[in-house]
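The sequence and structure are shown first.

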Amino acid sequence: MKIQIHLALIISCISLNYAEDIISEEFDGLENEIAENIWSKFDNEILKTITASKALYDPSKSGIRSILKKQIQADLNSFKDGITATMVESAVPYGTHYQLINHTLYRQNNCLFPSRCEGNEHFLLKLTDLPDFEIIVNHRDYPQVSKHFNAKIPVFSFSKTDDYADIMYPAWSFWCGGPAIKLYPTGIGRWDKLRKLLMKEAEHWPWEEKKNKGFFRGSRTNSERDELIYLSREMPDLIDAAYTKNQAWKSVKDTLDAEPAPEVSFQEHCHYKYLFNFRGVAASFRYKHLFLCKSLVFHVGDEWKEFFYDVLKPWVHYVPIKKDYTRKDIRDILMFFKKHDTLAREIAANGYNLIKDHLKLSNVKWYWKNLLEEYIKLQNLTPEFNPALMRVT
């Protein structure tokens, strides 16, 4: 009798465990099916967005320079009724004072950032055949003329958001005066030379040999980068992201309780398939360099811009990431492109080709020339030589 009871209990337990296994398997299957459906929906939405973006993009209809001319027109639109001597005078406190008088360039003596002035003057000195002009050039990182004050103050700045009325010009760093870090103690160097180095490195690291993960190195200039760093610590096989030191670094608290990572050259970025770009104090100086690695660029936030940003189209040349992204957002989009490797490679190539073909020093000079020509047309003044200024040679 006891043996029968024990046997019955054993059989019951076996049956119960078997049933639990079946239920568990079915639940796991359902869970996987739901997950697959969610992924499928996410994938389809991204694919639709990319397809629509590609269909809308037709550079042959407008042309790169037409897009750049629209940027010039938009920036100067505030001054369509003319630029007066009073307006220029009101701009003097916001930047460096320049004059072109009788084909000679002059500048105020005290330049706040000498290497930045030198970078801009490289291009201005090539344009001394223009009619006389008088401009104020902001060499700080941040724009100066907020639209909230509704004031017409003609200040040239390299970067801005839609909240500012500054006139954008190509940054000094195309020639010199870029960010100085340990690897580049005198600044990141001339754009024409870096272009060649990066394109050569891209050849040494073709797509199929790049590391199949995301990558970011930079200092903690703002907290927008934090979630990417945390994701890297959670999923190091998916992304390698870490903070480096900057001038303000005092302790590991400034690098999210971790020792600062070593700085990484632009060339080393080319070893990875997926590269992340964030704004710094203003627009990021690294952005244009990343494209020349022929890697897929993920650009976070769309508020800050430089003169050439409108030429680059989201989902055609780069992958846009919202400013208030979550770790899940980054994980999902990286996983998507890992699954759609051919598409990732195509967008990376589009970005590379556009920057390679259309962001040369000759194009930078062209932009300066067209910007100043349009500005000169709006001058309701005859620039008079200011003896307090020094000649630039």
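## Sheets, salt bridges and pocket

H97 stands opposite I136 in β3. The model is a predicted one, in which local features need pLDDT of at least 70 and side-chain atom pairs count only at pLDDT 80 or more, whereas totals for chains, interfaces and linings use all residues. Residues are numbered from 1 along each chain as its sequence is written, and side-chain values use heavy atoms, with hydrogens and water left out.

Strands (E, at least two residues) and helices (H or I, at least four residues) are DSSP runs, numbered from the N terminus. Two strands pair if DSSP finds at least two bridges between them. Strands β1 (residues 96–101) and β3 (residues 133–137) are antiparallel partners over five bridges. They belong to an open sheet of six strands with mixed pairing, in the order β5-β4-β3-β1-β2-β11. Its edge strands, β5 (167–168) and β11 (389–391), each pair on one side only. Helix α12 (residues 361–378) packs on this sheet, touching β3, β4 (155–157) and β5, and its direction makes about 120° with that of β3. Contact here means heavy atoms within 4.5 Å; angles run from 0 to 180 degrees between N-to-C directions of axes fitted to C-alpha atoms, for helices over the stretch in contact.

An open sheet of five strands shows parallel pairing. Neighbouring strands of this sheet are turned by 20° against each other on average, direction ignored. Within it, R217 stands opposite A242 in β7, and β6 and β7 pair in the parallel sense over six bridges.

| Sheet | Strand order | Pairing |
|---|---|---|
| six strands | β5-β4-β3-β1-β2-β11 | mixed |
| five strands | β7-β6-β8-β9-β10 | parallel |

Helix α10 (residues 327–339) lies across β6, β7, β8 (272–277), β9 (296–300) and β10, at about 150° to β8.

The whole structure holds 21 salt bridges, each a side-chain nitrogen of Lys or Arg within 4 Å of a carboxyl oxygen of Asp or Glu. In one of them, E208 and R345 have their closest N and O atoms 3.3 Å apart. Because E208 lies in the loop between α6 (191–204) and β6 and R345 in helix α11 (residues 341–358), the pair ties together parts 137 residues apart in sequence.

The largest pocket has a volume of about 940 Å³. A pocket is an open set of points on a 1 Å grid over the protein atoms alone, where a 1.4 Å probe fits, with protein on both sides within 12 Å along at least five of seven lines; lining residues have an atom within 4 Å of a point. The lining comprises 35 residues, of which P179, A180, I181, S219 and T221 lie nearest the centre.

How values were computed:
Points joined across faces, edges and corners; volume = space filled by probe spheres on them.
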